[in-house]
Amino acid sequence: MPTRPLHPGDIIFAQDILYRHYGVYEGNGKVIDFSASAGHETDAGDACIREKSLEAFANGRECGVDDSVEEKFSPNETVARARHCDCARQKEEGGGEKIE
């Protein structure tokens with residue numbers, strides 16, 4: 001888990017071997033990210049903006065806060081912008097709750 005307390009609007013990441021998966025910390029242990037549902041990780045057509053627990057976002061990976069990101073918006077606006085969903089196709093199953 002991150003090395004410092006998380007605050008709403010923080011840009012966080014989960015470190016994989018070859019890449020970092022990013023999300024926006026919403027508060028109350030919730031993360032907003034762009035991902036496919038469970039079992040469809042390689043299906044880009046299944047990807048959409050999802051809200052999930054910090055534990056589900058981490059999925060056993062090391063997490064951190066990306067403090068190198070320049071703040072262009074307030075924390076509340078960062079969360080609101082992350083929640084904005086314009087995905088063409090939304091799926092109902094798995095991987096966290098879709099945000100509509």
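**Notebook: salt bridges, sheet and core**

Arg81 and Glu77 are four residues apart in helix H2 and therefore separated by about one helical turn. I took helices (H or I, at least four residues) and strands (E, at least two) as DSSP runs, numbered from the N terminus. The model is predicted, so I noted that local features need pLDDT of at least 70 and side-chain atom pairs pLDDT 80 or more, whereas totals for chains, interfaces and linings use all residues. Residues are numbered from 1 along each chain as its sequence is written, and side-chain values use heavy atoms, with hydrogens and water left out.

**Entry 1. Salt bridges**

I looked up the contact between the side chains of Arg81 and Glu77 and found a salt bridge of 3.8 Å, N to O. The term requires a side-chain nitrogen of Lys or Arg within 4 Å of a carboxyl oxygen of Asp or Glu. Arg81 is partly exposed at 48% relative accessible area, and Glu77 is partly exposed at 36%. For these classes I used under 20% relative accessible area for buried, over 50% for exposed and partly exposed in between (1.4 Å probe, protein chains only).

How many salt bridges does the structure hold? I recorded seven salt bridges. One of them joins the side chains of Asp33 and Lys52 at 3.4 Å, N to O. This pair links distant parts of the chain, with Asp33 in strand E3 and Lys52 in strand E4, 19 residues apart. Are Asp33 and Lys52 buried or exposed? Asp33 is buried at 4% relative accessibility, and Lys52 is buried at 11%.

I then looked up Arg83 and Glu51, whose side chains meet in a salt bridge of 3.2 Å, N to O. Arg83 lies in helix H2 (residues 75–83) and Glu51 in strand E4, so the pair ties together parts that are 32 residues apart in sequence. Arg83 is partly exposed at 32%, while Glu51 is buried at 16%. I also noted a network of salt bridges that links Arg4, Asp10 and Asp67.

**Entry 2. Strand pairing**

I traced strand E3 (residues 30–35) against strand E2 (residues 20–27) and found antiparallel pairing over three bridges. Strands count as paired if DSSP finds at least two bridges between them. Gly27 stands opposite Lys30 in E3. The hairpin of E2 and E3 has two residues between the strands, and Asn28 takes a positive phi near 55 degrees there. E3 also runs antiparallel to strand E4 (residues 48–53), joined by six bridges. In that pairing I found Asp33 opposite Arg50.

**Entry 3. Rings**

I found one aromatic pair in the structure. It consists of Phe13 and Tyr22, tilted, at 6.1 Å centre to centre and 55 degrees between the planes. Rings of Phe, Tyr and Trp (its six-membered ring) pair if their centres lie within 6.5 Å; planes under 30 degrees apart are stacked, over 60 edge-to-face and the rest tilted. Phe13 is buried at 9%, and Tyr22 is partly exposed at 35%. The charged end of Arg20 sits over the ring of Phe13, 3.7 Å from its centre. For this I required NZ of Lys or CZ of Arg within 6 Å of the ring centre and within 35 degrees of the ring normal.

**Entry 4. Core**

The largest nonpolar core has 10 residues, including Leu6, Ile12, Tyr25 and Val65. Its largest share, three residues, comes from H1. Such a core is a set of buried Ala, Val, Leu, Ile, Met, Phe, Trp, Tyr and Cys residues joined through side-chain atoms within 4.5 Å.
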